[in-house]
Amino acid sequence: MKSWFRDNINAMAGYTPGFQPADPAAIKINTNENPYPPSPKVFEALAQLGSLDLRRYPPIMADGFRQAAAKLHGVKPDMILAGNGGDELLAIIVRCCCGPGRPLAYATPTYSLYPTLAMIADAPVIEVPYGDDYAIPPKLKTTGAPLTFLCNPNAPSTTFVPVASVAELAQAVGGLLLVDEAYVDFAPDNSLRLLQDFDNVIILRSMSKGYSLAGMRFGYVLASEAIIETMTKVKDSYNVNIAAQAAAVAALTDQAYFRRNVENIVSERARLTGELRRLGFALADSHTNFLLVRPPKLSAREIFEGLCRKNIYVRYFNASGLTDKLRISIGSPQDNNALLAALRTLLAQE
Ligand SMILES: *Cc1c(COP(=O)(O)O)cnc(C)c1O
């Protein structure tokens, strides 16, 4: 008998998410979550949800959120689409654009979900390697792919390419360019203004990192009304639940709280970068809420395993170009101090 499943599904491995330790005392700095709680306004909004909100289907287009985000970003509400996490919106745009003979293009190394989404769609990928400087590789401009992803700031490299370079890429690619700005809250600039000049640009934002709502699942894209209309055809009718919509509005409209948390993380990022360099770790200046570090003396895997034994979880990628490095999310000052103490012990034992 033939397989129950499509050949491309049988052939793919599936995305590997970061480890989710059950122990609440674990120091979890492996999936770039925010170490600070969401805005108190989020809890107030959730407490106000009533029976009607739960009994009825949620607003199909997350209208309240669209209004709030349109005001914040200075775009029309019709240029915004909400998703059940940014990842859902990546899946939707791949379903819109890619399939057999219709490739997804991106520079590598980058977010490892991208090839998984292409495989599910039975679409080829065009992977263009970054150079050591992590500038946009010129070959990414000439792939001819209907859809190109650019993660900026990029994960896991922590690097940021100037918006002028993103504009050149938008100009050069024939197809759509999605700029994945999941980490933009920690970066010096963003590509939102490109929407004014380019009808092929899509900006992706997530509430998981800067707004501390990873568990709530909420992301959104900004793009031309025509692109939003097409993506709306492909999404589930009720793709974002009512609690997530309420939480996202409350978090987004408390910009003062958001900015304070981001500033705290950025200042801890500077401190941790300096301390790790003093310990002999090699790392680039980060424009995200995590660091990509190459350890001294011990291998990345040995450090990873040594930290696991101390109930501290960082991310190790068994992937080309990354096996000598660790990705470490910026935690609270206490998390970061525990990490530094554990690293000092591990390196001293060597
Ligand atoms: C976190 C992340 C996203 C979106 O995550 P959601 O939790 O689904 O909003 C998208 N791209 C990158 C590179 C990310 O790290």
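**Sheet, ligand and backbone**

Modeller: Four strands make up an open sheet, in the order S9-S10-S13-S12, with antiparallel pairing. Strand S9 (282-283) and strand S12 (315-316) are at the edges with a single partner strand each, so one side of each has no neighbour in the sheet. The model is predicted: local features need pLDDT of at least 70 and side-chain atom pairs count only at pLDDT 80 or more, whereas totals for chains, interfaces and linings use all residues. Residues are numbered from 1 along each chain as its sequence is written, and side-chain values use heavy atoms, leaving out hydrogens and water.

Biologist: How do strands pair, and over how many bridges do S12 and strand S13 pair?

Modeller: In general, strands of a sheet pair through backbone hydrogen bonds, either parallel or antiparallel. Strands are DSSP runs of E with at least two residues, helices are runs of H or I with at least four, and both are numbered from the N terminus. Two strands pair if DSSP finds at least two bridges between them. Here S12 and strand S13 (residues 326-329) are antiparallel and pair over two bridges. Tyr-316 has Leu-326 in S13 as its bridge partner.

Biologist: Which polar side-chain atom lies 2.6 Å from a nitrogen atom of the ligand?

Modeller: A polar contact is a pair of N or O atoms within 3.5 Å; within protein, one must be able to donate a hydrogen and the other to accept it, and residues adjacent in sequence count only if both atoms are side-chain atoms. In this model the atom belongs to Asp-180. Ser-208 places a polar side-chain atom 2.6 Å from an oxygen atom of the ligand, and a polar backbone atom of Asp-87 is 2.9 Å from a ligand oxygen. The ligand alone exposes 380 Å², of which the protein buries 94% (Shrake-Rupley method, 1.4 Å probe; for residues, only the protein chains shown count as cover).

Biologist: Which residue has a positive phi although it is not a glycine?

Modeller: That residue is Ala-62, with phi of about 50°. Ala-62 lies in the loop between helix H3 (51-55) and helix H4 (63-73).
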